[in-house]
Amino acid sequence: MKRPRMDVNLEELDQIIDRGTHAPLSESEGEKLKRVLHALAGMLPAPRTTEKTKNVLEQPEAPAPANDSEPPSDKTPGHGRNGASSYTGAKKVAVPHPTLHTGDPCPSCEKGKVYPQKEPKVLVRIVGQAPLAATVYELDRLRCNLCGEVFTAPEPEGIGAEKYDETTAAMIALLKYGSGMPFYRVEKLETCTGHSPAGLDAVGDCG
């Protein structure tokens, strides 16, 4: 119910309240006090609701994704494998094309000429091997049936004069002090792979 606007006399209200502390208020005084209180209450701001808009108003349904067969993924693209550049110590073998050379006619269109690409196609192939790999060189020997002199083929270039080169000692030291592999395990591994007989000389020399 909307109450009519009224003018408030503060001095008159004070007198009504003072009289009410000593004697009961008259009907007209009580009605006037009620009107003032209701007018003041109407001036107060409305209490804020705690309901959320989404609970009061109907929200439109979110459109379905165009393709929901594959859920979105936050993973960066990639196959998780190491590229060829990761194998810094790998042996590199250049494989030339068996039939085509720079400047040859294109076998497809027969009009253009083929030229090498900046980057070759790269294949990585990994094989297992022993830490120390032995190579046996068999030098031909020929003997004269008349004078008995023996002629031996020359040693290949670059094989050195020592049985164990510097890389052998470096690998054994790396296995022992870098990876914590005891000498007897290195010896056993080499023996099992057929690259050294029991009692590896280089192990004893490095120990």
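## Exposure, pocket and cysteines in a predicted model

Glu110 is exposed, with a relative accessible area of 65%. This residue belongs to the loop between α3 and β1. Its backbone stands out on one count: phi of Glu110 is near 65 degrees, a positive value in a residue other than glycine. The model is predicted.

**Overall layout**

The protein chain has six helices and two strands. Read from the N terminus, the order is α-α-α-β-β-α-α-α. The chain has 207 residues, and buried residues make up 8% of them. Take the contacts between residues at least 6 apart in sequence: 36% of them join residues at least 24 apart.

**The loop between α3 and β1**

Helix α3 spans 53-56, strand β1 spans 141-143, and Leu132 is found in the loop between them. Is Leu132 buried or exposed? Leu132 is buried, because its relative accessible area is 10% and the cut-off for buried is under 20%. How far is Leu132 from Tyr164 in space? The C-alpha atoms of the two residues are 9.7 Å apart, while the sequence separation is 32 residues. Glu110 is in this loop as well, but it is exposed at 65%.

**Cysteines**

How many disulfides does the whole structure hold? A search finds zero. Cys106 is in no disulfide, and the nearest cysteine sulfur, that of Cys109, is 3.8 Å away.

Relative accessible areas for the residues discussed:

| Residue | Relative accessible area | Class |
|---|---|---|
| Leu132 | 10% | buried |
| Glu110 | 65% | exposed |

**The largest pocket**

The largest pocket has a volume of about 1,100 Å³. Its lining counts 26 residues. Which of them lie nearest the centre? They are Val93, Val95, Pro120, Lys121 and Val122. By residue type, the lining divides into 16 nonpolar, six polar and four charged.

Definitions and conventions: Residues are numbered from 1 along each chain as its sequence is written. This is a predicted model: local features need pLDDT of at least 70, side-chain atom pairs count only at pLDDT 80 or more; totals for chains, interfaces and linings use all residues. Side-chain values use heavy atoms; hydrogens and water are left out. Helices (H or I, at least four residues) and strands (E, at least two) are DSSP runs, numbered from the N terminus. Buried means under 20% relative accessible area, exposed over 50%, partly exposed in between (1.4 Å probe, protein chains only). Contact means heavy atoms within 4.5 Å. On a 1 Å grid over the protein atoms alone, a cavity is a set of points where a 1.4 Å probe fits but cannot get out, and a pocket is an open set with protein on both sides within 12 Å along at least five of seven lines; lining residues have an atom within 4 Å of a point. Grid points are joined across faces, edges and corners, and a volume is the space filled by probe spheres set on the points. Ala, Val, Leu, Ile, Met, Phe, Trp, Tyr, Cys and Pro count as nonpolar, Asp, Glu, Lys and Arg as charged, and the others, Gly among them, as polar. A disulfide is a pair of cysteine sulfur atoms within 2.5 Å.
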